Amino acid sequence: MEKEEQEKKEGKLTLVLALATLIAAFGSSFQYGYNVSAVNSPSEFMQQFYNNTYNERTGDSLDSFTLTLLWSVTVSMFPFGGFIGSLLVGPLVDKLGRKGALLFNNIFSIIPAILMGCSKVAKTYELIIASRLLVGICAGVSSNVVPMYLGELAPKNLRGALGVVPQLFITVGILVAQLFGFRDLLANEEGWPILLGLTGVPAALQLILLPFFPESPRYLLIQKKNESATEKALQRLRGWEDVQWEIEEIRKEDEAEKAAGFISVWKLFKMRSLRWQLISIIALMAGQQLSGVNAIYYYADEIYLSAGVKSNDVQFVTAGTGAVNVFMTIVTVFVVELWGRRLLLLLGFATCLTACIVVTVALALQNTITWMPYVSIVCVIVYVIGHALGPSPIPALLITEIFLQSSRPSAYMIGGSVHWLSNFAVGLIFPFIQVGLGAYSFIIFAVICLLTTIYIFMVIPETKGKSFIEINQIFAKKNKVSDVYPDKEELQDLPPAMIQ
């Protein structure tokens with residue numbers, strides 16, 4: 001009977017939990033989104049600044065290739081920093097804890113915010129490029145630590161929903177950057193340093209507020225071996241006194257992990273029993289980034305301009321797509337448990353594929369047929385809807401589901417590295433592809449969407465409502481190995497949706 005009461009009692013969204021979620025996501029995930037799109041709107045003013053600065057130093061002006069290169073580097077320093085950040089995650093969360101890592105990570109946001117804010121006064125564009133690297137490191141750390149922190153704070157039955165909150169705040173960050181990026185607000189000659197510097201505000205708020213919230217109970221108990229602190233943290237998070245059974249549960253989980261051992265990145269690459277899981281994560285993460293989503297964001301304004309939108313109205317269309325993205329991510333939070341992961345991924349990538357093909361045709365014909373520019377804008381919006389349904393939120397969720405506890409941290413590091421390196425490649429190469437191929441550059445993305453869709457259809461199983469062990473058995477067949485880890489203890493770390 002007592003057990004049933006605990007089950008019933010399990011997991012309400014207490015005020016402490018809700019606020020911790022909001023502060024962690026707003027202070028960290030929000031900035032990631034904000035910095036992805038903050039350089040989009042003021043790009044022409046910033047490039048003008050690069051040119052003027054260079055001119056003042058040398059008396060010469062930058063030729064267009066060098067300017068494109070400098071701008072590409074500015075844009076893609078951010079994902080490169082993200083890649084470095086991904087590699088720092090392991091050491092940081094072990095040394096400083098989940099909350100500690102997030103607090104420490106704010107250094108990589110507040111310092112560059114100040115530097116970017118001062119770059120124009122100081123007349124050095126190198127400051128901007130260096131700062132983009134630093135805010136990238138910040139995003140790389142937080143994109144891994146926030147889901148980890150929230151996943152360890154949340155009771156089982158809320159783990160799935162809270163797991164999509166970081167992705168939601170990323171889209172909100174993109175939207176806010178687009179709104180602040182209106183010409184009349186900050187995307188102008190005087191305003192752009194402020195636009196870039198604002199990223200320090202959420203970080204400062206998080207530095208002030210997050211210390212009042214509990215550290216991850218699992219970290220306190222397992223790494224710090226501090227039972228009284230664990231008990232206090234759980235009491236505050238759950239809103240009731242009796243948390244002893246949950247402490248026991250964390251203990252059992254810890255023993256299960258010790259039994260399974262830790263699987264390093266190197267070992268993960270060599271294990272036959274995890275081969276298809278690993279290939280799947282690499283395929284999905286690369287597909288997510290190389291399907292052109294960042295090309296659409298980084299260069300949305302240019303797509304609209306070349307689609308014939310008046311230069312003053314571009315900003316409103318861009319913000320419109322940002323709002324659609326936020327809305328669709330909210331929808332995904334609710335349908336992921338209904339429709340399942342596989343369907344959303346297939347639907348999402350297929351939508352992106354169609355949009356890429358149609359936008360290519362539309363851009364090629366826009367000078368001959370008068371209504372074509374509107375078609376390409378519709379395509380961008382349809383693309384954003386497709387990406388927000390599956391490709392954006394699902395791959396990170398799948399890492400949690402198709403790897404067991406022992407191999408999950410390494411899987412996150414591999415997934416994160418692929419994510420950021422692909423993002424980096426797109427940011428660096430796309431402007432040159434665009435110059436070279438023009439309207440046909442989206443064909444490349446269409447091919448990648450097609451390949452990813454085929455891969456998902458052939459390989460990725462539905463994981464909704466299955467336990468981790470069941471999911472692993474499906475992959476065991478694909479990997480042609482007879483047994484999964486027979487260790488049933490693994491089942492204790494499940495989002496509730498899996499266990500049913």
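Q: What counts as one of the 17 aromatic pairs here?
A: The structure holds 17 aromatic pairs, where rings of Phe, Tyr and Trp (its six-membered ring) pair if their centres lie within 6.5 Å. This is a predicted model, where local features need pLDDT of at least 70, side-chain atom pairs count only at pLDDT 80 or more, and totals for chains, interfaces and linings use all residues. Residues are numbered from 1 along each chain as its sequence is written, and side-chain values use heavy atoms, with hydrogens and water left out.

Q: Why is the pair of Tyr32 and Phe78 called tilted?
A: Planes under 30 degrees apart count as stacked, over 60 as edge-to-face and the rest as tilted. Tyr32 and Phe78 have 45° between the planes, at 6.1 Å centre to centre, so tilted is the word.

Q: What makes this a link between distant parts of the chain?
A: Tyr32 sits in helix α2 (residues 15-37) and Phe78 in helix α4 (residues 64-105), 46 residues apart. Helices here are DSSP runs (H or I, at least four residues), numbered from the N terminus.

Q: How do you know whether Tyr32 is buried or exposed?
A: Buried means under 20% relative accessible area, exposed over 50%, partly exposed in between (1.4 Å probe, protein chains only). Tyr32 has 9%, so it's buried. Phe78, at 0%, is buried too.

Q: What makes Arg57 a charge over the ring of Tyr125?
A: The rule asks for NZ of Lys or CZ of Arg within 6 Å of the ring centre and within 35 degrees of the ring normal. Arg57 lies over the face of Tyr125, at 4.9 Å from the ring centre.

How values were computed
Helix = DSSP H or I, 4+ residues; strand = E, 2+ residues; numbered from the N terminus.
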